[in-house]
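Open the model in your viewer and keep the selection panel at hand. The tour moves from one selection to the next.

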Amino acid sequence: MATQRTAQSPSPTVMEGEMPKLKLGLPKGSLQVPTMELFRKAGIRIYVGERSYFPSCDDSELEVMLVRAQEMARYVEDGTFDAGLTGYDWIRENKAKVKEVCELVYSKSGYRPVKWVLAVSNNSRVKSVKDLKGKKIATELVNVVKDYLKKKKVKAEVEFSWGATEAKAGTLADAIVELTETGSSLEANYLRTIDTVIESTTRLIANKKSYQNPWKRNKIESIAILLQGALAAEGMVGLKMNVKEKDIPKLMKILPALKKPTVSRLTIPGWAALEVILKEEMAKKILPELKRAGAQGIIEYPLNKVIY
């Protein structure tokens with residue numbers, strides 16, 4: 001009788017002449033849109049059909065599937081995916097043994113780490129985690145919270161929350177541990193933060209066996225370089241301008257904190273082209289000053305990637 005192949009079964013050996021594939025898991029949910037945008041800036045376009053979990057991609061060496069970030073680490077660990085993107089929080093929660101290739105600091109609403117915080121209702125008498133001894137804490141991040149309580153030497157009941165966790169503080173639980181980026185949602189639900197349990201950022205992770213494969217490792221590391229380059233370019237712009245050589249010292253005074261600009265001589269005697277990369281917010285402040293200092297033909301252009 002033929003046996004049915006499970007999702008965890010290893011892929012068949014790549015036959016000679018067959019194009020190798022990297023099985024890549026990308027997060028479904030709140031991280032999906034910023035992740036797709038990050039890949040676009042990195043030069044990899046991924047097209048997600050309505051209600052589809054199997055996007056198409058302009059990189060023929062990638063086989064992409066969308067899954068929840070909460071599950072990603074264990075699917076990478078067991079080899080269902082060669083690599084994937086998920087949060088450091090979910091790697092810890094799943095106690096997954098994976099290779100962390102690189103950190104990618106972005107989230108659904110910005111470019112900063114997110115926090116899982118211990119919070120209580122505003123009218124609670126709880127002032128610190130020590131006051132939660134024998135109490136109930138609701139959270140989606142059960143294992144991480146248990147580790148946190150053990151470190152703090154506090155015995156409390158940790159209950160898994162299926163959702164609407166913020167509404168449970170003071171009613172269905174004595175405290176909650178919930179994800180926050182700005183804290184505004186906690187304030188809107190009349191909650192106050194007692195402590196930060198864990199900070200988390202997105203990570204590119206790899207299956208340890210896959211990472212030992214030379215082709216797969218090279219492909220994963222190439223993706224990491226492109227994604228890090230796309231993040232490094234966020235909020236940055238390039239400036240090009242022509243300037244008389246005698247005016248270069250004046251322009252350099254306007255750019256005191258920047259890396260040394262690239263200066264190239266033009267075919268016109270006594271003139272040079274200057275190019276520099278800087279923060280977009282700084283560019284709008286110094287453009288008028290550069291003009292007054294003698295710069296001409298100033299061009300500002302966006303950046304997709306900055307690879308150091």
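Buried means under 20% relative accessible area, exposed means over 50%, and partly exposed is in between, with a 1.4 Å probe and protein chains only. This is a predicted model: local features need pLDDT of at least 70, side-chain atom pairs count only at pLDDT 80 or more, and totals for chains, interfaces and linings use all residues. Residues are numbered from 1 along each chain as its sequence is written, and side-chain values use heavy atoms, with hydrogens and water left out.

**Stop 1: Ser-161**

Select Ser-161. Its relative accessible area is 2%, so Ser-161 is buried. Look for it in the loop between β9 (157-160) and β10 (175-180). Helices here are DSSP runs of H or I with at least four residues, strands are runs of E with at least two, and both are numbered from the N terminus. Now show the contacts, meaning heavy atoms within 4.5 Å. Leaving aside neighbours within four places in sequence, Ser-161 touches Ala-138, Thr-139, Glu-140 and Lys-168.

**Stop 2: Ala-164**

Stay in the loop between β9 and β10 and pick Ala-164. Ala-164 has a phi near 50 degrees, a positive value in a residue other than glycine. Is Ala-164 buried or exposed? It is exposed, at 63% relative accessibility.

**Stop 3: Tyr-190**

Go to the loop between α5 (184-188) and β11 (191-200), where Tyr-190 is found. Tyr-190 also is not a glycine, and its phi is positive, at about 60 degrees. With a relative accessible area of 61%, Tyr-190 is exposed.

**Stop 4: helix α1**

Select residues 32-41, which form helix α1. Seven of its ten residues are buried, so α1 is largely enclosed by the rest of the structure. Colour the buried ones: Gln-32, Pro-34, Thr-35, Met-36, Leu-38, Phe-39 and Lys-41. They pack against β1 (22-28), β2 (46-47), β4 (62-68), β5 (83-87) and α7. Just after α1, check Gly-43, which takes a positive phi of about 95 degrees.

**Stop 5: α1 against α7**

Axes are lines fitted to C-alpha atoms, for helices over the stretch in contact, and angles run from 0 to 180 degrees between N-to-C directions. From α1, Leu-38, Phe-39 and Lys-41 make the contact; from α7, Ile-223, Leu-227, Ala-230 and Leu-231 do. By class, the contact has six nonpolar, no polar and one charged residues.

**Stop 6: Ile-286**

Jump to helix α9 (residues 280-292) and select Ile-286. Ile-286 is buried, with a relative accessible area of 6%. Not counting residues up to four places away in sequence, Ile-286 touches Leu-239, Ile-254, Leu-255 and Leu-278.

**Last stop: the whole chain**

Zoom out. The protein chain has nine helices and 16 strands. Its radius of gyration is 25 Å, well over the 19 Å that the globule rule gives for 308 residues, so the chain is more spread out than a compact globule. Along its principal axes, the C-alpha trace spans about 80 × 65 × 35 Å. Buried residues make up 43% of the 308.

How values were computed: Nonpolar A, V, L, I, M, F, W, Y, C, P; charged D, E, K, R; others polar. Rg over C-alpha atoms; globule rule 2.2 N^0.38 Å.
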